[in-house]
Amino acid sequence: MNTLNGHVAVVTGGAMGIGAEIAAELARQGAKVAITDISPDRAQDVINSIQKDGGIATAFHHDVTDPESSIAMAGAVEASLGPISIVVNNAGVSKRVPVLDMDEHEWDRVMDINLKGTFFTIKAVLPFMLERSYGRIINMSSVVGKKGYPEFSHYCASKFAVLGLSQSLASELAKTGITVNSVCPGIVMTPLHDKIVAEMAEADGISFQAALTNFLSNVPQGRPQTPLDIARVVAFLSAKEAGSMTGGSYHVDGGMVMS
């Protein structure tokens, strides 16, 4: 069922991992998808796959940490694909660093991409949505946006902040026809999480598989989530039928957070 026919969706960081699956799922639901990345060439495999399935997708250069880049991206998408009605703020980074080993550069790197990048992208697309009194904004938080984890203080802080930003904007925009929601993935085996597990294995002097087993012990279902698990929730929140859902944060985590 193509619930997103006629819609244009922007997916930041859509060239790989969860973002790539979100882009593919939105395209399967009928949306024309703008995959934004600081290196647009990285999105070509995703675009080829979407086009092979009959979907429409285009890559756009976008540095989420630069407000001017976000403004340029939004204008280019509108000119190329049409009116933006969905934006998924997926671009994000993480790294395991004990707080005493963390310098200001590492703190700022995570905050600039995960939090400022979300803010700049929303600010760039919002005027277009307000003109049409319609929009779906989905921000990627995390289970670590609900519960702090040791040695990820900057990442946790950024994802807690994304939830606060989302709730505030949902309230501010409640009467405009624009909804704002957050999705909180748990453990999803993507290149980002593979890197985190590898860092854990090295720090603890154990194998990758042992570190992964320890990691998954936090999941009541006993398995990682898939990018498609996340993408399906994002697609639902992007649809017209989700119009009464705003300010929410939706866990896709195998039961890691149950409140």
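**View 1. The accessible surface of the protein chain.** In this predicted model, the accessible surface comes to about 11,500 Å² (Shrake-Rupley method, 1.4 Å probe). Carbon and sulfur atoms hold 55% of that surface.

**View 2. The chain as a whole.** Eight helices and seven strands make up the count here (DSSP runs: H or I of at least four residues for helices, E of at least two for strands). The radius of gyration is 18 Å, close to the 18 Å from the globule rule for 259 residues, so the chain is as compact as a globular protein of that length. That radius is taken over C-alpha atoms, and the rule is 2.2 Å times the number of residues to the power 0.38.

**View 3. The largest nonpolar core.** This core has 32 residues (buried Ala, Val, Leu, Ile, Met, Phe, Trp, Tyr and Cys joined through side-chain atoms within 4.5 Å). Ile22, Leu26, Val33 and Ile35 have the most contacts inside it. Elements giving two or more residues include strand 1 (8–12), strand 2 (32–37) and helix 8 (227–238). Helix 1 brings the largest share, seven residues.

**View 4. Zooming in on Val33.** Leaving out residues up to four places away in sequence, Val33 touches Ala9, Val11, Ala23, Leu26, Ala27, Ile56, Ala57, Thr58 and Leu81 (heavy atoms within 4.5 Å).

**Notes.** Residues are numbered from 1 along each chain as its sequence is written, and side-chain values use heavy atoms, without hydrogens or water. Local features need pLDDT of at least 70 and side-chain atom pairs count only at pLDDT 80 or more, while totals for chains, interfaces and linings use all residues.

Technical notes:
Buried < 20%, exposed > 50% of the residue type's maximum accessible area, 1.4 Å probe, protein only.
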